[in-house]
Amino acid sequence: MSTIPTISPDPLVVNRKKITTKVIQQKADRGDPITMLTAYDYPTALIMDRAGVDSILVGDSLGMVVLGYENTLRVTMEEMLHHCRAVRRGADYALLVGDMPFMSYQVSVEEAVRNAGRFLQEGGMDAIKLEGGRERADTVRAIIDAGIPVVGHIGLTPQSVNQLGGFRAQGKTAAAAKKLYEDAVILQDAGCFSLVLESVPSRLAELISENLEIPTIGIGAGIGCDGQVLVTHDLLGLFDRFTPRFVRKYADLFNEMERAFGDFIADVEERNFPGDEHTVDMPDDEWMILMSEIDIRNKKLLS
Ligand code: KIV
(Lines give C-alpha, C1' and ligand atoms only; values in the text may rest on other atoms or scores of the structure.)
Protein backbone atom coordinates (compact mmCIF):
# COMPACT_ATOMS: atom_id res chain seq x y z
CA MET A 1 0.00 0.00 0.00
CA SER A 2 1.33 3.42 -0.90
CA THR A 3 2.06 5.74 1.99
CA ILE A 4 2.32 8.77 -0.28
CA PRO A 5 -0.68 11.03 0.34
CA THR A 6 -2.57 11.85 -2.83
CA ILE A 7 -4.32 15.13 -3.53
CA SER A 8 -8.05 14.46 -3.75
CA PRO A 9 -10.40 16.50 -5.92
CA ASP A 10 -11.42 19.49 -3.86
CA PRO A 11 -15.21 19.94 -3.61
CA LEU A 12 -14.63 23.68 -3.35
CA VAL A 13 -13.16 23.87 -6.83
CA VAL A 14 -15.95 21.95 -8.58
CA ASN A 15 -17.80 24.26 -10.96
CA ARG A 16 -15.34 27.06 -10.32
CA LYS A 17 -14.60 29.38 -13.19
CA LYS A 18 -11.41 31.19 -14.08
CA ILE A 19 -11.27 34.62 -12.43
CA THR A 20 -10.86 37.42 -14.94
CA THR A 21 -10.43 41.17 -14.53
CA LYS A 22 -14.17 41.44 -15.24
CA VAL A 23 -14.99 39.06 -12.38
CA ILE A 24 -12.80 41.17 -10.07
CA GLN A 25 -14.73 44.31 -11.06
CA GLN A 26 -18.07 42.51 -10.62
CA LYS A 27 -17.08 41.38 -7.12
CA ALA A 28 -16.17 44.94 -6.19
CA ASP A 29 -19.43 46.27 -7.65
CA ARG A 30 -21.37 43.79 -5.50
CA GLY A 31 -19.37 44.86 -2.44
CA ASP A 32 -17.75 41.43 -2.07
CA PRO A 33 -14.17 41.69 -0.73
CA ILE A 34 -11.42 40.65 -3.15
CA THR A 35 -8.62 38.40 -1.91
CA MET A 36 -5.08 38.44 -3.26
CA LEU A 37 -1.96 36.64 -2.00
CA THR A 38 1.58 36.38 -3.27
CA ALA A 39 3.05 33.09 -4.51
CA TYR A 40 6.35 32.25 -6.13
CA ASP A 41 6.24 28.48 -6.61
CA TYR A 42 4.06 25.61 -7.82
CA PRO A 43 2.90 24.02 -4.53
CA THR A 44 1.98 27.32 -2.90
CA ALA A 45 0.03 28.42 -5.97
CA LEU A 46 -1.74 25.04 -6.12
CA ILE A 47 -2.82 25.15 -2.45
CA MET A 48 -3.84 28.79 -2.64
CA ASP A 49 -5.86 28.19 -5.81
CA ARG A 50 -7.65 25.26 -4.15
CA ALA A 51 -8.36 27.44 -1.10
CA GLY A 52 -10.18 29.83 -3.45
CA VAL A 53 -8.11 33.01 -3.53
CA ASP A 54 -9.31 35.46 -6.22
CA SER A 55 -5.91 36.59 -7.43
CA ILE A 56 -2.30 35.47 -7.07
CA LEU A 57 0.43 38.06 -7.32
CA VAL A 58 3.89 36.87 -8.25
CA GLY A 59 5.34 39.83 -6.38
CA ASP A 60 8.87 41.10 -6.59
CA SER A 61 8.80 40.58 -2.81
CA LEU A 62 10.19 37.30 -4.16
CA GLY A 63 13.60 38.96 -3.86
CA MET A 64 13.32 39.35 -0.10
CA VAL A 65 11.24 36.41 1.08
CA VAL A 66 12.53 33.69 -1.28
CA LEU A 67 15.86 34.84 -2.73
CA GLY A 68 17.20 36.46 0.44
CA TYR A 69 18.03 39.88 -1.05
CA GLU A 70 18.01 42.90 1.23
CA ASN A 71 15.27 44.62 -0.80
CA THR A 72 13.44 44.17 -4.12
CA LEU A 73 15.82 46.21 -6.28
CA ARG A 74 18.01 43.31 -7.43
CA VAL A 75 15.18 41.19 -8.80
CA THR A 76 15.49 40.64 -12.57
CA MET A 77 13.01 39.89 -15.35
CA GLU A 78 14.46 36.39 -15.72
CA GLU A 79 13.97 35.63 -12.02
CA MET A 80 10.39 36.91 -12.15
CA LEU A 81 9.52 34.89 -15.26
CA HIS A 82 11.03 31.70 -13.82
CA HIS A 83 8.76 31.96 -10.76
CA CYS A 84 5.73 33.09 -12.80
CA ARG A 85 5.93 29.88 -14.85
CA ALA A 86 5.96 27.77 -11.68
CA VAL A 87 2.91 29.60 -10.31
CA ARG A 88 1.10 29.25 -13.65
CA ARG A 89 1.55 25.47 -13.50
CA GLY A 90 -0.09 25.39 -10.04
CA ALA A 91 -3.06 27.73 -10.49
CA ASP A 92 -6.06 27.11 -12.75
CA TYR A 93 -8.58 29.63 -11.41
CA ALA A 94 -7.04 32.66 -9.74
CA LEU A 95 -6.27 35.79 -11.76
CA LEU A 96 -2.48 35.76 -12.10
CA VAL A 97 -0.64 39.06 -11.81
CA GLY A 98 3.09 39.39 -12.52
CA ASP A 99 4.99 42.17 -10.78
CA MET A 100 7.29 44.16 -13.06
CA PRO A 101 10.74 44.37 -11.41
CA PHE A 102 12.83 47.49 -10.90
CA MET A 103 14.21 48.92 -14.17
CA SER A 104 12.00 46.75 -16.38
CA TYR A 105 9.57 49.64 -17.08
CA GLN A 106 11.33 52.85 -16.03
CA VAL A 107 13.78 53.31 -18.94
CA SER A 108 11.38 53.71 -21.85
CA VAL A 109 7.75 53.06 -22.69
CA GLU A 110 8.78 50.66 -25.50
CA GLU A 111 10.87 48.55 -23.15
CA ALA A 112 8.07 48.55 -20.59
CA VAL A 113 5.55 47.26 -23.17
CA ARG A 114 7.97 44.56 -24.33
CA ASN A 115 8.68 43.41 -20.78
CA ALA A 116 5.00 43.49 -19.83
CA GLY A 117 4.30 41.28 -22.84
CA ARG A 118 6.90 38.76 -21.65
CA PHE A 119 4.91 38.26 -18.43
CA LEU A 120 1.95 37.04 -20.51
CA GLN A 121 3.85 35.23 -23.27
CA GLU A 122 6.64 33.58 -21.27
CA GLY A 123 5.33 33.73 -17.70
CA GLY A 124 1.71 32.72 -18.34
CA MET A 125 0.36 35.68 -16.34
CA ASP A 126 -3.03 37.31 -16.98
CA ALA A 127 -1.99 40.84 -15.99
CA ILE A 128 0.94 42.86 -14.70
CA LYS A 129 1.48 45.25 -11.78
CA LEU A 130 3.83 48.20 -11.67
CA GLU A 131 4.67 50.82 -9.06
CA GLY A 132 4.24 54.58 -9.29
CA GLY A 133 1.70 57.34 -9.80
CA ARG A 134 1.31 60.10 -12.39
CA GLU A 135 4.87 59.56 -13.71
CA ARG A 136 3.77 56.11 -14.94
CA ALA A 137 0.57 57.19 -16.71
CA ASP A 138 2.01 57.04 -20.26
CA THR A 139 3.59 53.67 -19.59
CA VAL A 140 0.34 52.28 -18.17
CA ARG A 141 -1.60 53.55 -21.21
CA ALA A 142 0.87 52.00 -23.66
CA ILE A 143 0.83 48.61 -21.89
CA ILE A 144 -2.97 48.60 -21.85
CA ASP A 145 -3.02 49.61 -25.56
CA ALA A 146 -1.00 46.43 -26.16
CA GLY A 147 -3.87 44.44 -24.62
CA ILE A 148 -2.28 43.81 -21.21
CA PRO A 149 -4.34 44.49 -18.07
CA VAL A 150 -2.50 46.59 -15.48
CA VAL A 151 -2.69 46.84 -11.68
CA GLY A 152 -1.29 50.10 -10.29
CA HIS A 153 0.56 50.36 -6.97
CA ILE A 154 0.92 53.57 -4.92
CA GLY A 155 1.72 54.54 -1.34
CA LEU A 156 4.75 52.67 -0.04
CA THR A 157 6.35 51.51 -3.27
CA PRO A 158 9.29 49.30 -2.25
CA GLN A 159 11.22 49.87 -5.49
CA SER A 160 11.59 53.53 -4.39
CA VAL A 161 12.83 52.58 -0.92
CA ASN A 162 15.99 54.68 -1.38
CA GLN A 163 13.94 57.74 -2.30
CA LEU A 164 11.38 57.19 0.45
CA GLY A 165 14.10 56.79 3.09
CA GLY A 166 13.02 53.30 4.16
CA PHE A 167 9.93 51.09 4.34
CA ARG A 168 7.65 53.68 5.92
CA ALA A 169 3.98 54.65 5.70
CA GLN A 170 3.06 57.26 3.07
CA GLY A 171 0.38 59.95 2.72
CA LYS A 172 0.35 61.09 6.34
CA THR A 173 0.27 64.84 5.60
CA ALA A 174 -2.57 66.58 3.78
CA ALA A 175 -0.26 67.44 0.88
CA ALA A 176 1.10 63.90 0.52
CA ALA A 177 -2.40 62.43 0.84
CA LYS A 178 -3.73 64.80 -1.87
CA LYS A 179 -0.93 63.72 -4.22
CA LEU A 180 -1.75 60.04 -3.63
CA TYR A 181 -5.45 60.72 -4.19
CA GLU A 182 -4.67 62.44 -7.48
CA ASP A 183 -2.29 59.63 -8.49
CA ALA A 184 -5.07 57.09 -7.88
CA VAL A 185 -7.46 59.01 -10.18
CA ILE A 186 -4.76 59.42 -12.86
CA LEU A 187 -3.97 55.68 -12.82
CA GLN A 188 -7.67 54.84 -13.08
CA ASP A 189 -8.03 57.24 -16.00
CA ALA A 190 -4.95 55.70 -17.63
CA GLY A 191 -6.81 52.37 -17.63
CA CYS A 192 -5.64 50.36 -14.59
CA PHE A 193 -8.27 47.76 -13.70
CA SER A 194 -7.24 47.73 -10.03
CA LEU A 195 -4.97 49.61 -7.65
CA VAL A 196 -2.79 48.39 -4.75
CA LEU A 197 -2.62 50.86 -1.85
CA GLU A 198 0.31 50.05 0.42
CA SER A 199 0.94 51.49 3.89
CA VAL A 200 -1.28 54.55 3.73
CA PRO A 201 -3.64 55.88 6.42
CA SER A 202 -6.87 53.89 6.48
CA ARG A 203 -9.09 56.97 6.15
CA LEU A 204 -7.19 58.01 3.03
CA ALA A 205 -7.48 54.49 1.57
CA GLU A 206 -11.20 54.52 2.29
CA LEU A 207 -11.63 57.93 0.64
CA ILE A 208 -9.76 56.75 -2.47
CA SER A 209 -11.72 53.48 -2.57
CA GLU A 210 -15.05 55.25 -2.31
CA ASN A 211 -14.22 57.65 -5.11
CA LEU A 212 -12.69 55.23 -7.64
CA GLU A 213 -14.70 53.00 -9.96
CA ILE A 214 -11.96 50.37 -10.02
CA PRO A 215 -11.30 48.18 -6.97
CA THR A 216 -8.53 49.02 -4.52
CA ILE A 217 -6.50 46.23 -2.91
CA GLY A 218 -5.00 47.26 0.40
CA ILE A 219 -1.89 46.14 2.25
CA GLY A 220 -1.48 48.05 5.48
CA ALA A 221 -4.25 50.37 4.29
CA GLY A 222 -7.14 49.37 6.54
CA ILE A 223 -10.53 47.75 6.11
CA GLY A 224 -11.98 50.38 3.73
CA CYS A 225 -10.36 48.95 0.59
CA ASP A 226 -12.24 46.70 -1.86
CA GLY A 227 -9.82 43.85 -1.22
CA GLN A 228 -6.75 42.83 0.75
CA VAL A 229 -3.37 41.43 -0.21
CA LEU A 230 -0.60 40.03 1.99
CA VAL A 231 2.83 38.64 1.30
CA THR A 232 2.31 34.93 1.88
CA HIS A 233 5.58 34.40 3.76
CA ASP A 234 4.45 37.04 6.29
CA LEU A 235 1.02 35.45 6.70
CA LEU A 236 2.57 31.99 7.18
CA GLY A 237 5.26 33.19 9.59
CA LEU A 238 8.00 32.13 7.18
CA PHE A 239 9.97 35.36 6.82
CA ASP A 240 12.68 35.61 9.44
CA ARG A 241 13.82 39.24 9.26
CA PHE A 242 10.79 41.32 10.29
CA THR A 243 7.01 41.26 10.28
CA PRO A 244 5.31 44.50 9.23
CA ARG A 245 2.79 45.82 11.74
CA PHE A 246 -0.10 45.34 9.31
CA VAL A 247 0.41 41.58 8.97
CA ARG A 248 -1.78 39.02 10.68
CA LYS A 249 0.11 35.74 11.07
CA TYR A 250 -2.11 32.76 10.26
CA ALA A 251 0.58 30.15 10.90
CA ASP A 252 4.04 29.80 12.36
CA LEU A 253 5.71 27.77 9.63
CA PHE A 254 9.24 28.94 10.45
CA ASN A 255 9.13 27.18 13.81
CA GLU A 256 7.06 24.29 12.46
CA MET A 257 9.60 23.64 9.69
CA GLU A 258 12.53 23.97 12.08
CA ARG A 259 10.86 21.39 14.33
CA ALA A 260 10.26 19.01 11.40
CA PHE A 261 13.87 19.32 10.16
CA GLY A 262 15.14 18.79 13.71
CA ASP A 263 12.96 15.66 14.08
CA PHE A 264 14.32 14.27 10.80
CA ILE A 265 17.92 14.88 11.85
CA ALA A 266 17.31 13.25 15.25
CA ASP A 267 15.55 10.23 13.67
CA VAL A 268 18.41 9.63 11.24
CA GLU A 269 21.07 10.09 13.89
CA GLU A 270 19.24 7.70 16.25
CA ARG A 271 18.57 5.23 13.40
CA ASN A 272 14.81 5.68 13.80
CA PHE A 273 14.36 6.45 10.10
CA PRO A 274 13.68 4.83 7.69
CA GLY A 275 11.27 2.29 9.22
CA ASP A 276 10.09 -0.99 7.64
CA GLU A 277 7.15 0.86 6.08
CA HIS A 278 9.52 3.10 4.13
CA THR A 279 11.68 0.36 2.64
CA VAL A 280 11.45 -1.88 -0.44
CA ASP A 281 11.56 -5.64 0.14
CA MET A 282 12.82 -8.42 -2.14
CA PRO A 283 11.23 -11.88 -2.53
CA ASP A 284 13.02 -14.59 -0.49
CA ASP A 285 13.68 -16.85 -3.51
CA GLU A 286 15.39 -14.01 -5.40
CA TRP A 287 17.43 -13.22 -2.32
CA MET A 288 18.58 -16.89 -2.05
CA ILE A 289 19.67 -16.89 -5.69
CA LEU A 290 21.63 -13.72 -5.12
CA MET A 291 23.29 -15.19 -2.04
CA SER A 292 24.32 -18.29 -3.97
CA GLU A 293 25.88 -16.18 -6.72
CA ILE A 294 27.87 -13.78 -4.61
CA ASP A 295 31.11 -14.52 -2.93
CA ILE A 296 30.34 -12.46 0.17
CA ARG A 297 33.89 -12.61 1.50
CA ASN A 298 35.49 -11.23 -1.65
CA LYS A 299 32.45 -9.09 -2.49
CA LYS A 300 32.51 -10.17 -6.13
CA LEU A 301 30.24 -12.18 -8.43
CA LEU A 302 31.19 -15.88 -8.75
CA SER A 303 30.18 -16.15 -12.41
O1 KIV B 1 5.84 42.47 -4.32
C2 KIV B 1 4.81 42.31 -3.65
O3 KIV B 1 4.58 41.28 -3.01
C4 KIV B 1 3.85 43.41 -3.61
C5 KIV B 1 2.76 43.35 -2.60
C6 KIV B 1 3.28 43.79 -1.29
C7 KIV B 1 1.56 44.11 -3.01
O8 KIV B 1 3.98 44.33 -4.36
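**View 1. The lining of the second largest pocket in this predicted model**. Strand β5 (150-155) and helices α7 (161-164) and α8 (174-190) each supply at least two residues of the lining of the second largest pocket; helices (H or I, at least four residues) and strands (E, at least two) are DSSP runs, numbered from the N terminus. The lining comprises 24 residues, and those nearest the centre of the pocket are E135, T157, S160, Q163 and L164. On a 1 Å grid over the protein atoms alone, a pocket is an open set of points where a 1.4 Å probe fits, with protein on both sides within 12 Å along at least five of seven lines, and lining residues have an atom within 4 Å of a point. The volume of this pocket is about 500 Å³, taken as the space filled by probe spheres set on the points, which are joined across faces, edges and corners. The model is predicted, and local features need pLDDT of at least 70, side-chain atom pairs count only at pLDDT 80 or more, and totals for chains, interfaces and linings use all residues. Residues are numbered from 1 along each chain as its sequence is written, and side-chain values use heavy atoms, with hydrogens and water left out.

**View 2. The salt bridge between D54 and K27**. The side chains of D54 and K27 meet at 2.9 Å, N to O, in a salt bridge (a side-chain nitrogen of Lys or Arg within 4 Å of a carboxyl oxygen of Asp or Glu). This pair links distant parts of the chain, 27 residues apart, with D54 in the loop between α2 (42-51) and β2 (55-58) and K27 in helix α1 (residues 21-30). D54 is buried at a relative accessible area of 5%, and K27 is buried at 17%, where buried means under 20% relative accessible area, exposed over 50%, and partly exposed in between (1.4 Å probe, protein chains only).

**View 3. The salt bridge between D126 and R88**. The closest N and O atoms of D126 and R88 are 3.8 Å apart. Because D126 lies in the loop between α5 and β4 (127-129) and R88 in helix α4, the pair ties together parts that are 38 residues apart in sequence. D126 counts as partly exposed, at 21% relative accessibility, and R88 is partly exposed too, with a relative accessible area of 27%.

**View 4. Strand β8 and its parallel partners**. Strand β8 (residues 227-230) runs parallel to strand β1 (residues 34-38), joined by four bridges, and L37 stands opposite L230. Strand β7 (residues 216-219) also pairs with β8 in the parallel sense, over two bridges, and G227 is the bridge partner of I217; two strands pair if DSSP finds at least two bridges between them.
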